[in-house]
Amino acid sequence: MGYTGEEISEKIALPPELNDFWPNRGYYGTLRHNSRAVYQRYMGWYSGNPSDLDNLPPEMVGPKYVEFMGGEQELLKKAKASFDKGEYRWVAEVLKHLVFANPNNQEGKLLLADALEQLGYQAESGPWRSVYLQGAYELRNGVPTAGGTVTASPDTIRAMSPSMLFDYLAVRINPEKAAGKKMVVNMDFTDIGEKHTLSLENAVLNHTTRYAASPDVTVTLSKQTLDDIQLGQGTLEQKIASGEIKVQGNQQTFSDFVGLLDKFNFWFNIVTP
C-alpha cells in the first residue's frame, strides 16, 4: 500500500482474538516497535521520501528547526502549551531539536525530561518505560558515570575462544588510528595448542588459523596471558618483561597493534549531543 515503517506502526493492530489474549500485551516487545523492525528487515531504513536520502544529523538540524520555529523562547512557549494539552509525544519531538541546538538551555531540558517522564509513566512496555526514564535522567543529571552491566567480565573473556576474541578485537579497531597501516601477526597459544594469524589492512582486522609464512611479528603466549591483558591485569610490556610473552620479529608492530584498540564506555548520550 506504500506505507512507511512509521505509518505502519501507527495504524497496525492485532485482530481482536489476539489483541484480547492477555499474554499478547506489550509488556516487553511492542507491536509498534516490532512492526517497524520487520519493515526495516525487508525494506531498510529508507522511507521512500527523497528528503530522507541525505538528511541532516541532529546536531545540524536542531538549530535550523529552532530558527524556523521563531527562536528558543517561542518554541518553549508553544511546547509548554502542548505539554498542558497532554501532547507529550509532540513535545518530545520538538524539544529534542532545542536541546541539540542549545544543550545549555536548562528550561528546555527540564520540560523535555517532564515529557519523557510522562511517556514513561504511560508506557506498558518495560523497556520503553526504562528508555523514557533514562532519557529524563540524562536531561536532569547528565550521562551516568557509574553502574551498568559489565558484559566483558573475567568469566566471559576467559570463556571466549581465540576466534571469538579476535572477532571482538576487530570491533575495537579504531579506524582513524589504523588508517594506512598494514601488519601481519602470528599468534601461537602454548596452553591450548592453537595458532592464528591476524592481518590488518584497510583499517579492518581479519584472522585465520593458517599461519603466515612471513609475518611482521610472531607472538608466543598462553591464552590466559592474553586474557589477563584484556582484563587489565598487566600490560603488554610487563608480560614481555616477565617472559610470559615471547616476541620474534618487530616487537613494535605488536605494541602498535594493541595501541589501535578502542575502549568503550558503557554509558553514552541518548537525548543530548
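Visitor: Is R158 buried, partly exposed or exposed?
Guide: This is a predicted model. In it, R158 is partly exposed, because its relative accessible area is 35%.

Visitor: What does R158 form a salt bridge with?
Guide: R158 forms a salt bridge with D228, and the closest N and O atoms are 2.8 Å apart. The two sit in distant parts of the chain, 70 residues apart: R158 is in helix α9 (residues 154-159) and D228 in helix α12 (residues 223-230).

Visitor: And D228, buried or exposed?
Guide: D228 counts as buried, because its relative accessibility is 10%; the cut-off for buried is under 20%.

Visitor: What about D227, which residue does it form a salt bridge with?
Guide: D227 forms a salt bridge with K223, with the closest N and O atoms 3.0 Å apart.

Visitor: How far apart are D227 and K223 in helix α12?
Guide: They are 4 residues apart, so about one helical turn separates D227 and K223. D227 is buried at 3% relative accessibility, and K223 is buried with a relative accessible area of 8%.

Visitor: How many salt bridges does the structure hold?
Guide: The structure holds 13 salt bridges. One of the pairs is K182 with E201, where the closest N and O atoms are 3.5 Å apart. K182 lies in the loop between α11 (175-178) and β1 (183-189), while E201 is in strand β2 (residues 194-201), so this pair ties together parts that are 19 residues apart in sequence.

Visitor: Is K182 buried or exposed?
Guide: K182 counts as exposed, at 62% relative accessibility.

Visitor: Changing topic to α7. How many residues does it have?
Guide: Helix α7 (residues 106-122) has 17 residues. From first C-alpha to last it reaches 24 Å, close to the 24 Å expected at 1.5 Å a residue.

Visitor: What is at the start of α7?
Guide: There, a side-chain oxygen of N105 comes to within 3.3 Å of the backbone nitrogen of E107.

Visitor: Which residues of α7 are buried?
Guide: The buried ones are G108, K109, L111, L112, A113, A115, L116, L119 and G120.

Visitor: What covers them?
Guide: The cover over the buried residues of α7 includes α5 (72-84), α6 (88-101) and α8 (126-141).

How values were computed: Residues numbered from 1 in each chain as written. Predicted model: local features only at pLDDT ≥ 70, side-chain atom pairs only at ≥ 80, totals over all residues. Heavy atoms only, no water. Expected span 1.5 Å × (residues − 1). Buried < 20%, exposed > 50% of the residue type's maximum accessible area, 1.4 Å probe, protein only. Contact = heavy atoms within 4.5 Å. Polar contact = N/O pair within 3.5 Å; in protein donor to acceptor, adjacent residues only side chain to side chain. Salt bridge = Lys/Arg side-chain N within 4 Å of Asp/Glu carboxyl O.
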